[in-house]
Amino acid sequence: MKFRAAAALAVIALARAGGGATLFENGRVVVEAGAAPAALSVLVDGGRVAFVGPAAEARRRDPRAATVDLAGAYVYPGFADAHGHLAELGKALESADLKGLRSAEACAGKMRALAVPAGTWVEGDGWDQNLWTPSAFPDARTLDAVFPDRPAFARRIDGHAVWTNTAAMRAAGITASTPDPPGGRILHRPDGSPSGVFLDNAMDAVMRARPEPSDGDLRRWFAAALSSCASVGLTEVGDASGYGEREIAVLRKMAAEGALPIRVYATIGAWSPEFDALLARGPQAGDVLSVRAVKIYADGALGSRGAALLADYSDDPGNRGLDVTPPARIESIAKRCLAAGFQVWIHAIGDRANRAALDALEAAEKAVPSADPRPRIEHAQVVTPEDRPRFARLGVIASIQPAFTTSDMPWAEARLSAARIGESYAWRSLEKAGARLAGGSDFPVESNDPRKGIYAAVTREDADGRPPGGWRPAEDLSRKDAVALYTSGAAYAMFQEARRGSIAAGKDADFSVLDRDLGSCPAAEIPKARVVMTVVAGNVAFPGR
Ligand SMILES: [Zn+2]
């Protein structure tokens, strides 16, 4: 309660400040990852830190500054998530979470409670008929009772089935005579009419009918995602979506209107039809919005056996995954990016994809020498010991997602075998080999909460503390290094280290204020730390007014 009161006061103080200086007082300031919390005051002026030091000295420097009483809370440099997907998170926030619900009616009821604008389809995620009595597939009629005219659909928990209402089937032109596509099945009632459940490849027949998102949809998704990010203490997000012209235009407009509550470092997609045009426009490094990086996919994901491996999947002999972008093409795109002044982000999960990405970056940097290219490999999940030192040698940043470690541990060894598992999720080994690390969540795949990422990096235990002592604990990170992933590491990975990543005079006034010390609290308490306040450029981005 103490902190809540302080946060409310902060909003009032800033409102009164009207652009003048603000003094953040009575905080325990962690000036950088690993530093001991210190009783310091932070004077903020013009969105930047003007002074960090003793309270009396700070007040003497600007006696008229408005004050924010932090009431003993811990002030961290603003946390940045180096890899997330804003539009997807915003869209997911508009979808009803149906996981664990005990009947089709309960699912329909939860979807009814959503506030989704007219013209968009109502969505749900996570139903599982195995939890229902009887455990039968649902029927369109249950959704029709709630949504008689408006298309609605919900994905099964495993993503391999969708359940729709009649309006969605009508929009998609599905009738009793629509044939099953190869690799898919449309379920029917005893009278032959489609029941509203579509399996595997049959899902496309319905999903294709969904309207393309409008600029308004994109704007709403960005706004919802960014306020969610602010609420978990993030002051900046690296968006790995690889956007096209429309998404970038919406972000630019929001930035110009002051409608981005936290900072965004966006990527453009090498696959986008507007890639050439976006590249030709040149890199943009703005205060709240930067567009200066390009996303390329080298492979798929490990869970679906799309990650490109040097040897067969242990649980699927003959399968070595997918080259989503052929290595020669990765190299040619990387060269174009370097020539145009753009940073390269290569999604690489398997050891073959990581090697291909490193080879491509090595060749591209030789062909197009640049002063400070800072290429990134996104995920870097399975990297052979021989390839680890290449990250340092080539200046490649390993952009890692600590929460994947514990999400994937139940099945990762089956894919990779006990012999190869040592190559994977080896964060400490990568760091020891000299790689610079940056931390992210890949939200909405994982929670966007950096506290959960820090906890996973430190403990390698899941949310329930399993396995005790952590999964392959030799690869854990220290508290300092785990916090650095989301502060100095992420800042460097987004070319922001001169402005952000620590609290110092001259740097941006971006702070994540928590109710406890992540450096000394019991590890199990890290995810429970409460976000007291998120401050971006001296303004309180969370809690809102
Ligand atoms: Zn991603």
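Leu-86 is in contact (heavy atoms within 4.5 Å) with Trp-221, Phe-222, Ala-225, Leu-226, Cys-229, Val-237, Asp-239, Ser-241, Tyr-243, Val-264 and Phe-443, residues up to four places away in sequence being left out. The structure is a predicted model, in which local features need pLDDT of at least 70 and side-chain atom pairs count only at pLDDT 80 or more, whereas totals for chains, interfaces and linings use all residues. Residues are numbered from 1 along each chain as its sequence is written, and side-chain values use heavy atoms, with hydrogens and water left out.

Leu-86 also belongs to the largest nonpolar core, a set of 97 residues. A nonpolar core is here a set of buried Ala, Val, Leu, Ile, Met, Phe, Trp, Tyr and Cys residues joined through side-chain atoms within 4.5 Å. Buried means under 20% relative accessible area, exposed over 50%, and partly exposed in between, with a 1.4 Å probe and protein chains only. The residues with the most contacts inside the largest core are Leu-86, Phe-222, Val-294, Ile-377, Phe-391 and Leu-518. Helix H8, residues 215-231, gives the most to this core, with seven residues. A second, separate core has 20 residues, including Leu-101, Trp-132, Trp-163 and Val-197.

Helices (H or I, at least four residues) and strands (E, at least two) are DSSP runs, numbered from the N terminus. Ala-154 lies in strand S9, residues 152-156. With a relative accessible area of 0%, Ala-154 is buried. Beyond residues up to four places away in sequence, Ala-154 touches Leu-98, Met-111, Gly-124, Trp-127, Ala-161, Val-162 and Trp-163. Leu-98 and Ala-154 are 56 residues apart in sequence, and their C-alpha atoms are 8.5 Å apart in space.

Ala-21 is found in the loop between helix H1 (2-17) and strand S1 (22-29). Its relative accessible area of 9% places Ala-21 among buried residues. Leaving aside neighbours within four places in sequence, Ala-21 is in contact with Leu-43, Val-44, Asp-45, Asp-62, Ala-65 and Ala-66. Ala-21 and Ser-502 are 481 residues apart in sequence and 20 Å apart in space, C-alpha to C-alpha.

Two helix pairs were examined through their axes, which are lines fitted to C-alpha atoms, for helices over the stretch in contact, with angles running from 0 to 180 degrees between N-to-C directions. The axes of H11 (residues 327-340) and H12 (residues 351-367) come within 8 Å and cross at roughly 40°. H11 is therefore oblique to H12. Angles under 35 degrees count as roughly parallel, over 145 as roughly antiparallel, 65 to 115 as roughly perpendicular and the rest as oblique. The crossing of H11 and H12 is right-handed; a crossing is right-handed if the near helix is turned clockwise from the far one by less than a right angle, and left-handed if anticlockwise. On H11 the contact is made by Pro-327, Ile-330, Glu-331, Ala-334, Lys-335 and Leu-338, and on H12 by Ala-356, Ala-360, Leu-361, Ala-363, Ala-364, Glu-365 and Ala-367. By class, this contact has 10 nonpolar, no polar and three charged residues. Ala, Val, Leu, Ile, Met, Phe, Trp, Tyr, Cys and Pro count as nonpolar, Asp, Glu, Lys and Arg as charged, and the others, Gly among them, as polar.

The axes of H14 (residues 402-421) and H16 (residues 450-459) come within 7 Å and cross at roughly 65°. H14 is thus roughly perpendicular to H16, and the crossing is left-handed. Pro-402, Ala-403 and Thr-406 of H14 meet Gly-453, Ala-456 and Ala-457 of H16. The contact of H14 with H16 has four nonpolar, two polar and no charged residues.

Several backbone features were also found. Most residues other than glycine have a negative phi, and most peptide bonds are trans. A cis peptide bond joins Thr-133 and Pro-134, with omega about -10°. Pro-134 is in the loop between strand S8 (122-127) and helix H5 (140-144). Arg-466 and Pro-467 are also joined by a cis peptide bond, with omega about -15°, and Pro-467 lies in the loop between H16 and helix H17 (479-486).

Arg-374, although not a glycine, has a positive phi of about 45°. This residue lies in the loop between H12 and strand S18 (376-379), and at 6% relative accessibility Arg-374 counts as buried. Ser-417, not a glycine either, has a positive phi of about 75°. Ser-417 is in helix H14 and is partly exposed, with a relative accessible area of 24%.
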